[in-house]
Amino acid sequence: ACALGWSPPQRDTVRCLAGGPCFSAHLANGSYAEACSACGRRRGGLAWVIGEPELRLLLGLLAQAAPRPAPSLFWVGLKRNASACTNEEQPLRGFSWESAGGGAAPQEVPAALGRWVTEPVRSCLTTRCAGLHLAPAAAPGGGPSWGWKE
């Protein structure tokens with residue numbers, strides 16, 4: 001899975017979980033659709049974050065790749081289709097992981113992954129995308145401050 005991009009990743013911008021997925025970071029300004037296309041050309045898809053191990057790995061990778069000190073938004077495969085409504089009781093607020101290559105995207109995530117920078121717009125009529133927002137201030141525990149952002 002990749003976070004966004006155009007150019008081939010450098011060796012140090014790829015990280016893998018033991019026996020699990022690999023993530024790469026690609027820096028470019030672009031839309032969600034452009035990011036999906038760029039990842040697809042690399043035979044991957046936008047990243048899914050289904051648990052804390054993936055989140056920690058992705059946060060470390062993106063903190064290393066992100067320009068400092070400005071906040072950064074990275075596209076991940078988080079999308080709410082027009083037929084789905086915002087649901088404030090769910091960690092992902094009605095958004096779900098977009099499947100790539102016909103794979104089954106997991107829909108459930110731990111409550112700890114339900115951190116939003118700002119709450120998404122309440123809607124049931126419009127397709128919306130969300131990214132992983134990194135802020136320059138460190139979070140408690142020394143890692144980057146993060147949250148989902150529509």
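**Exercise 1. Which residues of α1 are exposed on the other side of the helix?**

*Solution.* The model is predicted: local features require pLDDT of at least 70 and side-chain atom pairs count only at pLDDT 80 or more, whereas totals for chains, interfaces and linings use all residues. Residues are numbered from 1 along each chain as its sequence is written, and side-chain values use heavy atoms, with hydrogens and water left out.

Step 1. Helices (H or I, at least four residues) and strands (E, at least two) are DSSP runs, numbered from the N terminus. Buried means under 20% relative accessible area, exposed over 50%, and partly exposed in between, with a 1.4 Å probe and protein chains only.

Step 2. List the buried residues. In helix α1 (residues 32-41) these are Y32, A35, A38 and C39. Viewed down the axis of α1, they fall within an arc of 125°, so they line one face of the helix. The arc is taken from the directions that run from the helix axis to the C-beta atoms.

Step 3. Turn to the other side of α1. There, A33 and R41 are exposed. The helix is followed by R43, whose phi is positive, near 65°.

**Exercise 2. Determine the surroundings of H133.**

*Solution.* Step 1. Locate the residue: H133 is found in strand β5 (residues 128-138).

Step 1. Classify H133. Its relative accessible area is 13%, so H133 is buried.

Step 2. List the contacts, where contact means heavy atoms within 4.5 Å. Not counting residues up to four places away in sequence, H133 touches P71, S72, L73, V117, S145, W146, G147 and K149.

**Exercise 3. Classify the aromatic pairs F95 with W116 and W97 with W148.**

*Solution.* Step 1. State the rule. Rings of Phe, Tyr and Trp (its six-membered ring) pair if their centres lie within 6.5 Å; planes under 30 degrees apart count as stacked, over 60 as edge-to-face and the rest as tilted. By this rule the count comes to four aromatic pairs.

Step 1. Apply the rule to F95 and W116. Their centres are 5.3 Å apart with 45° between the planes, and the pair is tilted. F95 lies in the loop between β3 (72-80) and β4 (96-97) and W116 in the loop between β4 and β5, so the pair ties together parts that are 21 residues apart in sequence. F95 counts as buried at 3% relative accessibility, and W116 counts as buried at 10%.

Step 2. Apply the rule to W97 and W148. Their ring centres are 5.7 Å apart and their planes stand at 75°, so the pair is edge-to-face. W97 belongs to strand β4 and W148 to strand β6 (residues 144-149), so this pair ties together parts that are 51 residues apart in sequence. Both W97 and W148 are buried.

Step 3. Ring pairs link W97, W146 and W148 into a cluster.

**Exercise 4. How many disulfides are there, and which cysteines form them?**

*Solution.* Step 1. A disulfide is a pair of cysteine sulfur atoms within 2.5 Å. The count comes to two disulfides.

Step 1. C16 and C22 form a disulfide with sulfur atoms 1.9 Å apart. The angle about its S-S bond is 110°, and the link is right-handed.

Step 2. C85 and C124 form a disulfide, also with sulfur atoms 1.9 Å apart. This pair links distant parts of the chain, 39 residues apart: C85 is in the loop between β3 and β4, and C124 in the loop between β4 and β5.

Step 3. C36 is in no disulfide, since the nearest cysteine sulfur, that of C39, is 7.2 Å away.
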